[in-house]
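Student: I would like to learn how to read helix contacts and cavities in a structure. Could you walk me through them?

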Amino acid sequence: MVNTNRTISRREMLGALGATGVTALAGCSGGSDDTDTADGTTTSGDGGSGSDSVTAAWVYISEVGDLGWSWAHDEGRKTVDEEYDWLETEYTEAVAPEDSERVFEQYAQGDADIVFGTTFGYQDPMFNIAEQYPDTYFEHATGYRTRENMGRYMGRIYQPRYLAGQAAGMVTENNTIGYVAAFPIPEVIRSINAMALGARSVNPDATFKIRWVNAWFDPQTSKQAANSLIDEGCDVISQEQDSPAPVRAANEADVWASGYNAPMGEFGGDNYLISPVWNWEEVYGPAVSAVRDGTWEADAFWGGMETNLPTLDEWGPEVPQKVKDTVAETEEQIVNGELDVWAGSPFEGESDEFLFQEMNSFVDAVEGEVPE
């Protein structure tokens, strides 16, 4: 993993941008192995007993075996589950947004002290359930709505995106980089722009072509989109997808690839660059601890690379040393606060509110317009 100089905990960042949430709970106990429950959820953990134990639940948009977004969140869950003997965790996977309100309510009616909803489409259903169950704490990833008992959390993934963009800009020979994108929402547009700015910082001729698939997890369509971009001359493929399908397609076509969410080197072979990835335990650990301590508060956490929440995975086996050195130098500047990814762009000086939920246009390096 590309190294950072200092890790700042989530609690250190409270006040500026927030954290997550949870309440103290009644006793629960459980084994260390995963077990399926009657309502389709899965329980795991060493558990605990007495008033100091905490039960936390996660709801995932896709199966945890997606090797992407849900996998990364579940790795965070498992990390805190193993770390705290007073914690019991539960999760439900492959929950569509239209079904999530029912799942959130089941956990609120059960023994969950805090419930984490891990995709943008869960925001409104969770917001509704949080009002009905004020004694349960809720946390929503990527959204912008909060309540007294509902916080939100996200990482500034645009920072490692910028770094991955630098790598892409340095290895492309055609100066054309492809991006397989999910939905035209600020979260995705922000990542595309950051990667494009990173590429342009080292290669003024770099351009980006976008393919929208209107899905977070659709391996077949994502692979088709990647192949379409390759056919149009893209010799680097990047993605905002919850599977390694675009990376596989790039490897098969013998072009460079940058993944997302999880380490994807095994799917990219010698053509693998690097991927922006998540360490979600940096959010979940402080959250469940705050529940146990009785100090949880609803807030809006948006941590950067200095928190170690968004970061980069290991380099691919054939990445030139010059690329590694350039990215390492830039990463140090970002972590130390010496470099603002948006400096010199149309978004320089914009507020966090704008960057988080209002960005709706592309920088010059990106071809086309944002779909309506």
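Tutor: Gladly! Let us begin with contact, which means heavy atoms within 4.5 Å. Helices (H or I, at least four residues) are DSSP runs, numbered from the N terminus. This is a predicted model, where local features need pLDDT of at least 70, side-chain atom pairs count only at pLDDT 80 or more, and totals for chains, interfaces and linings use all residues. Residues are numbered from 1 along each chain as its sequence is written, and side-chain values use heavy atoms, with hydrogens and water left out.

Student: Which residues of α2 and α3 meet?

Tutor: From α2, Pro-97, Ser-100, Glu-101, Phe-104 and Glu-105 meet Pro-125, Met-126, Asn-128, Ile-129 and Gln-132 of α3. Sorted by class, this contact has 5 nonpolar, 3 polar and 2 charged residues. Here Ala, Val, Leu, Ile, Met, Phe, Trp, Tyr, Cys and Pro count as nonpolar, Asp, Glu, Lys and Arg as charged, and the others, Gly among them, as polar.

Student: At what angle do α2 and α3 pack?

Tutor: Axes are lines fitted to C-alpha atoms, for helices over the stretch in contact, and angles run from 0 to 180 degrees between N-to-C directions. Helix α2 (residues 97-109) and helix α3 (residues 123-132) pack at about 20°, their axes 9 Å apart. That makes α2 roughly parallel to α3; angles under 35 degrees count as roughly parallel, over 145 as roughly antiparallel, 65 to 115 as roughly perpendicular and the rest as oblique.

Student: How do α4 and α10 pack?

Tutor: Helix α4 (residues 158-171) and helix α10 (residues 321-335) pack at about 155°, with axes 10 Å apart. That makes α4 roughly antiparallel to α10. Among the residues making the contact are Tyr-162 and Leu-163 of α4 and Val-323 and Val-327 of α10. By class, this contact has 8 nonpolar, 4 polar and 2 charged residues.

Student: And how do the axes of α6 and α7 cross?

Tutor: The axes of helix α6 (residues 219-231) and helix α7 (residues 245-252) cross at roughly 40° and come within 8 Å. α6 and α7 are therefore oblique to each other.

Student: What about cavities?

Tutor: On a 1 Å grid over the protein atoms alone, a cavity is a set of points where a 1.4 Å probe fits but cannot get out; lining residues have an atom within 4 Å of a point. Grid points are joined across faces, edges and corners, and a volume is the space filled by probe spheres set on the points. The count here is 1 cavity of 30 Å³ or more. The largest cavity has a volume of about 70 Å³. Its lining includes Trp-69, Phe-120, Glu-187 and Asp-242, and the lining residues divide into 5 nonpolar, 2 polar and 3 charged.

Definitions and conventions
Helices (H or I, at least four residues) and strands (E, at least two) are DSSP runs, numbered from the N terminus. On a 1 Å grid over the protein atoms alone, a cavity is a set of points where a 1.4 Å probe fits but cannot get out, and a pocket is an open set with protein on both sides within 12 Å along at least five of seven lines; lining residues have an atom within 4 Å of a point.
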